Amino acid sequence: MVLSKRFAREIPLYIMLAPAVVLVLIYSYAPMVGIVMAFQRVLPGKGIFGSPWVGIENFIFVAKMPTILQVVWNTIRIAGLKAIFGVVVPVSVALMLNNVTSHLFKRTVQTIIYLPHFLSWIIMAGILVDILSPSEGIVNQMLGAVGIQPIFFLGDDKIFPWTMVFTDVWKSFGFGTIIYLAALTDIDPTLYEAAVVDGATRWQQTLHITLPGISGTIIMLSTLSLGNILNAGFDQIFNLYSPLVYSTGDIIDTLVFRTGIINNQYGIATAVGLLKSVVSLLLIGTAYKLAAMWADYRLF
Amino acid sequence: MNPKIYKLPFFENLLNLTVLALLALLCLFPILHILALSFSSATAASSGKVAILPVEFTAQSYQFVLENVAFAKSFLISLQRVLVGVPVNMLLTILVAYPLSRSQAEFRARGFFAWFFVITILFSGGLIPWYMVIRQTGLIDKFWALILPGALPVFNVILLANSFRTIPKELEEAAAMDGAGHWTILFRILLPMSLPVLATLTLFVAVSHWNQWFDGLILMNSPDKYPLQSYLQTVVVNPDPRMLTERDLGLLKVISNRTTRAAQIFIAMIPILLIYPFLQRYFTTGIKLGSVKG
């Protein structure tokens, strides 16, 4: 009787959860069941239940793809470079902004550098394709004015990954900067006062007070980005790449898209997707463990 | 924050300000350039005379874009998507955050449901199974395909649940003493006290709905059902000449392709620019949210 009374008080909570539970079951959990397609030769019109089982045939096919190692390496390389610059640039800009005494200047810079974060990669790609064009883009025009030959930022496979890294940092460093600035304001000002009394130079203050003060945030964000090492940025690359730069710019997600959605090889695309999900899960798990250990980060 | 201690020597200060100003310019310049292009004539644009001010000012590109039915239609679909999607997202976020913010004693299944939702952040079936399920549920080519699959933003649920937990328990206990049930506590006490948080989350889901392009692109078979960003993907980023009519081809000679592309990009940016002041204002709330621990 006591138990049922307790349950009665919980009923509204179940009612609140019900619609979301149903939607999540359908659109998040059902696709997890759909992973069995990785072990099938999916026939058009037959779906999951009618297609024949082929064991690990799809995985063997993936392993034998001539480009697969290159694609995995491209992914890790681009994501890794983005992660490194994605920490270094915002931390530097935050430290620089912290040295600015004019409130108006600081606020203006913050407002401007933060804007690209809210624009979609579609808009960004539209802008980039125009300004980076070798024939009429303004960037190459400006380079031409100082005597530099046109650079194929999006069409040269040696340059393409760097274009991706640079433009990604361009879009997101303002966002990162504001996070680090918020961390900077939490540093106890009396530490600086004490340092000045002890005769510390400004560089010594930066090195011994400011950096240690935001190291928690730096460690937390860098560790969490480890979980994203297989996400090199589908939205960005898909909208900017072309067959010219597949050798260095094709990543796991774009490969899955072309195999699955364009070529309709559902089984194979699902197999690649599954491998990626599993490795990502392990990495995210490790990242959260490390973040909890080093920076006392908790999701809940 | 502590100017006396942190003041830089003159030249270092100057260098510092210059580098920051250049960085800001680097972010602003491309946007101004696109705006200038969109208001320039075709000849000026193709002869490379346009920098950040329009050359041979004309609004012809805008006229062409706004007369384009497909563009207007996709703009309206995006608007509709935000107007329907945001309330759905927010309602579900609130309804899930409340039970998850209860204590284990109050809601015994809390742990189970917390994991039930968090797992979906950590692991997914991948692109193809996701697509197949949406197809199985009959949503291909339907407006609701843009709303239902992402109806619950789990990360926002975590943020909101954490923020509910920072509200003093005494308030709820007093209300419960007066006979208030869960619904009353949620709607009469917790929500009115969480307005800044709710505003932040609302703005963020609105931006993400506006910016979504991938789902529209692959879940809609016919381009006349595309939201704006998916439409731009096929017209501006990845142009398909088949989308142009005879009349368009004739007109494009007058107002180069480049200036109409610029005009379309800029129109798609306008809603974001309009709410940008609010985004800025609530952003600090957003950051503080992320660092709140339960």
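This is a predicted model: local features need pLDDT of at least 70, side-chain atom pairs count only at pLDDT 80 or more; totals for chains, interfaces and linings use all residues.
Which residues in α9(B) meet which residues in α10(B)?

Residues are numbered from 1 along each chain as its sequence is written, while chains are lettered from A and ligands numbered from 1 in the order in which they are written.

**View 1. The packing of α9(B) against α10(B).** B:L171, B:E172, B:A175 and B:A176 in α9(B) meet B:T184, B:I185 and B:I189 in α10(B), where a contact is counted if the C-beta atoms of two residues, placed from the backbone, lie within 7 Å. The residues of this contact divide into five nonpolar, one polar and one charged, with Ala, Val, Leu, Ile, Met, Phe, Trp, Tyr, Cys and Pro taken as nonpolar, Asp, Glu, Lys and Arg as charged, and the others, Gly among them, as polar. Helix α9 covers residues 169-177 of chain B and helix α10 residues 182-193, and the two pack at an angle of about 130° with their axes 10 Å apart. Axes here are lines fitted to C-alpha atoms, for helices over the stretch in contact, and angles run from 0 to 180 degrees between N-to-C directions. α9(B) and α10(B) are therefore oblique to each other, given that angles under 35 degrees count as roughly parallel, over 145 as roughly antiparallel, 65 to 115 as roughly perpendicular and the rest as oblique.

**View 2. The contact between chain B and chain A.** Chain B contributes 77 residues to the contact and chain A contributes 71 residues. On the side of chain B that touches chain A, helix α15 (residues 257-291) of chain B gives the most, with 13 residues. By class, that side of chain B has 54 nonpolar, 18 polar and five charged residues. The model scores ipTM 0.89 and pTM 0.89.

**View 3. A:A269 in helix α14 of chain A.** A:A269 is found in helix α14 of chain A, helices being DSSP runs (H or I, at least four residues), numbered from the N terminus as strands (E, at least two) also are. A:A269 counts as buried because 29 C-beta neighbours lie inside 10 Å; the term buried requires 20 or more other C-beta atoms within 10 Å of the residue's own, exposed requires 12 or fewer, and partly exposed lies in between, with C-beta atoms placed from the backbone. Not counting residues up to four places away in sequence, A:A269 touches A:V256, A:T259 and A:G260, together with B:L127 and B:I128 of the other chain. A:A269 and A:N58 are 211 residues apart in sequence and 8.7 Å apart in space, C-alpha to C-alpha.

View 4. B:F164 has its place in helix α8 (residues 154-164) of chain B and is buried, with 24 other C-beta atoms within 10 Å. Leaving aside neighbours within four places in sequence, B:F164 is in contact with B:A97, B:Y98, B:S101, B:L190 and B:S194. B:Y231 lies in helix α13 (residues 228-237) of chain B and is buried as well, with 29 other C-beta atoms within 10 Å. With the neighbours within four places again left aside, the contacts of B:Y231 are B:A70, B:F71, B:S74, B:P223 and B:Y226.

View 5. Most residues other than glycine have a negative phi. A:N264, although not a glycine, has a positive phi of about 60°; A:N264 sits in the loop between α13 (252-262) and α14 (266-295) of chain A and is exposed, with 12 other C-beta atoms within 10 Å. B:D141, also not a glycine, has a positive phi of about 75°. The place of B:D141 is in the loop between α7 (127-136) and α8 of chain B, and B:D141 counts as exposed, with 11 C-beta neighbours inside 10 Å.

**View 6. Chain B as a whole, and its confidence.** Chain B has 15 helices and zero strands, and buried residues make up 41% of its 294 residues. The mean pLDDT of chain B is 88, and 88% of its residues reach 70 or more, pLDDT being the predictor's confidence in each residue, from 0 to 100. Within chain B, confidence is lowest in helix α1 (residues 3-6), at a mean of 49, and highest in helix α5 (residues 69-101), at 96.
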